[in-house]
Amino acid sequence: MMATFRTAAGAALLALALPVLAANAPGADVQAIERGRYLATAGDCIACHSVPGGKPMAGGLSLATPLGAIVATNITPSTTHGIGNYTLKQFSDAVRHGVRADGAHLYPAMPYTAYARVTDDDTAALYAYFMHGVAAVDTAPAQKTDLPFPFNIRLSMTGWNWLFLDKKPFVADAAKSMEWNRGAYLAQGLAHCSTCHTPRNALMAEQLSKELGGFDLGTWFAPNITSDANSGIGSWSQQDLADYLRTGRAAHRGQAAGPMAEAIDHSLKHLSDADLDAIAHYIKSVPAIRDKADTKPVTQWGQAGDELNAIRGVALPQNLNRMSGAQLYDAQCASCHQAKGEGSFDGSLPPLFHNSVTGRSNSNNLVMAILDGVERQDGKGNHTAGHLMPAFRQTLSDEQIVTLGNYVQKMYGNPDVKVTAEQVTTLRNGGVPSNLIGLARAGIIVAVLVLLALLLWWRGRRRKETSAA
């Protein structure tokens, strides 16, 4: 139930590309609409509610979750298939409390737990934008959400919300600076950083005591971004972090891929410099959380080097799955990342050493980058060639990826971190299957048995009382 249930398919459109209808909307407040447009961009609404080649905000994108696929709905102002009949209160209840106009509950794949922090004024601006700044699409998505029992009973979310939803909007901390408060408001609310980067409990609720401490999102790993110098971004400057949020790159630190790259291309790079600086300022203040395996900053592992001498004149094995790590690196990686892993000379392709991807104690993102590559968008749904890494999903076998991944870790990253065959197979197939459905069904069975036991006890007690009388 995380916002990075967004997939690469959602990367076709950007909020700033949406049509401006405000000038022709009777009674519309143009300033409110444009403010709402900016806020919707900060909230990355389009990433989940649009499909490649489809119309903006018309829904239809299937989002993989531990419960099954959740299909994003049409949130255009259509009065037949969208939210055109919503009042401001109904819109607010849906966005901030996860309750539709018909009273049905939304699933927190839509990050209303974060959007609950949005103020009344900003909610009203969002409403103005969605009602007057988005083109109505009078068609429904081809598919609907159809989760297995018991999650197909939306009323079950009432209990989840009672346990885990904090409905209070953001309140500024008078002891903090204006920049900190602005950054906290955006990071905790519309930008919903915690939705991906905070660990979750067995019921998929955020463990707020471990805010921004890192979490596996099925395949990609949303890393620790607390202020810890080893595991998090404590060694980054505020400018490093703001540059990363704007461009997806921070020299000698890391680069965005997967869901984070999408968040930057759809949302973060369109925010003002002041807002990006504020978010960076706030994130650097989040209490440090350290993974014991990180014995030094994740960006300080490795150095330039190669093993070319060991493979010169050596014929490739007949079984290409038996190629060495040096042979695979020379064949697949060296043309871009250079023979010694130093990256491209113009800086557009990063070095593999002093890189957070190879320095972390979790190697999932290295494997995913090899499997699916790194795609970036230019704002018009086109790949930005200077930041594109090809996918090797169809080129390399699991065995080859294990060999290559471990070579990269040994040469350029934390050599104690391994890539395993089970890991590669699992990530290629979509991640570790969730046991949440089984746990929920088992919980229902236990609850029913307890209820029956209480009922039998009560009936037995009543009989004894009747007999005694």
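Visitor: In which kind of crossing, left-handed or right-handed, does α16 pass α17?

Guide: Please bear in mind that this is a predicted model. In it, α16 passes α17 in a right-handed crossing.

Visitor: At what angle do helix α16 and α17 pack, and how far apart are their axes?

Guide: Helix α16, residues 364–372, packs with α17 at an angle of about 130°, and the axes are 10 Å apart. Angles over 145 degrees would count as roughly antiparallel and 65 to 115 as roughly perpendicular; α16 is therefore oblique to α17.

Visitor: Which residues make the contact?

Guide: From α16 come Leu366, Val367, Ile370 and Leu371, and from α17 come Ile401, Leu404, Gly405, Val408 and Gln409. Sorted by class, the residues of this contact are 7 nonpolar, 2 polar and no charged.

Visitor: How do helix α17 and helix α18 pack?

Guide: Helix α17 spans residues 398–412 and helix α18 spans residues 421–428; the angle is about 120°, with the axes 9 Å apart. The two helices are therefore oblique to each other, and α17 passes α18 in a right-handed crossing.

Visitor: Which residues of α17 and α18 meet?

Guide: On the α17 side they are Asp398, Ile401 and Val402, and on the α18 side Ala421, Val424, Thr425 and Arg428. By class, the contact of α17 with α18 divides into 4 nonpolar, 1 polar and 2 charged residues. Ile401 of α17 is also listed in the contact with α16.

Visitor: Let us turn to another pair. How do the axes of helix α9 and helix α11 cross?

Guide: The axes of helix α9 (residues 238–247) and helix α11 (residues 273–283) cross at roughly 125° and come within 8 Å. This angle makes α9 oblique to α11, and α9 passes α11 in a right-handed crossing.

Visitor: Which residues make that contact?

Guide: Helix α9 contributes Gln238, Leu241, Ala242, Leu245 and Arg246, while α11 contributes Asp273, Leu276, Asp277, Ile279, Ala280, His281 and Ile283. The contact of α9 with α11 has 7 nonpolar, 2 polar and 3 charged residues.

Visitor: How does one find where empty space is left?

Guide: The general idea is to roll a probe the size of a water molecule over the atoms. Here the count comes to 1 cavity of 30 Å³ or more, and the largest cavity has a volume of about 30 Å³.

Visitor: Which residues line the largest cavity?

Guide: Its lining consists of Leu308, Ile311, Ala326, Tyr329, Asp330, Ala334, Ala339 and Tyr407. By class, 7 of the lining residues are nonpolar, none is polar and 1 is charged.

Visitor: Which element gives the most to the lining of the largest cavity?

Guide: Helix α13 gives the most, with 3 residues. Both α12 (308–311) and α13 (325–332) supply at least two residues each.

How values were computed: Residues numbered from 1 in each chain as written. Predicted model: local features only at pLDDT ≥ 70, side-chain atom pairs only at ≥ 80, totals over all residues. Heavy atoms only, no water. Axes fitted to C-alpha atoms, helices over the stretch in contact; angles between N-to-C directions. Helix = DSSP H or I, 4+ residues; strand = E, 2+ residues; numbered from the N terminus. Parallel < 35°, antiparallel > 145°, perpendicular 65-115°, else oblique. Left-handed = near helix turned anticlockwise from the far one by under 90°. Contact = heavy atoms within 4.5 Å. Nonpolar A, V, L, I, M, F, W, Y, C, P; charged D, E, K, R; others polar. 1 Å grid on protein atoms, 1.4 Å probe; cavity = no way out; pocket = protein on both sides within 12 Å on 5 of 7 lines; lining within 4 Å. Points joined across faces, edges and corners; volume = space filled by probe spheres on them.
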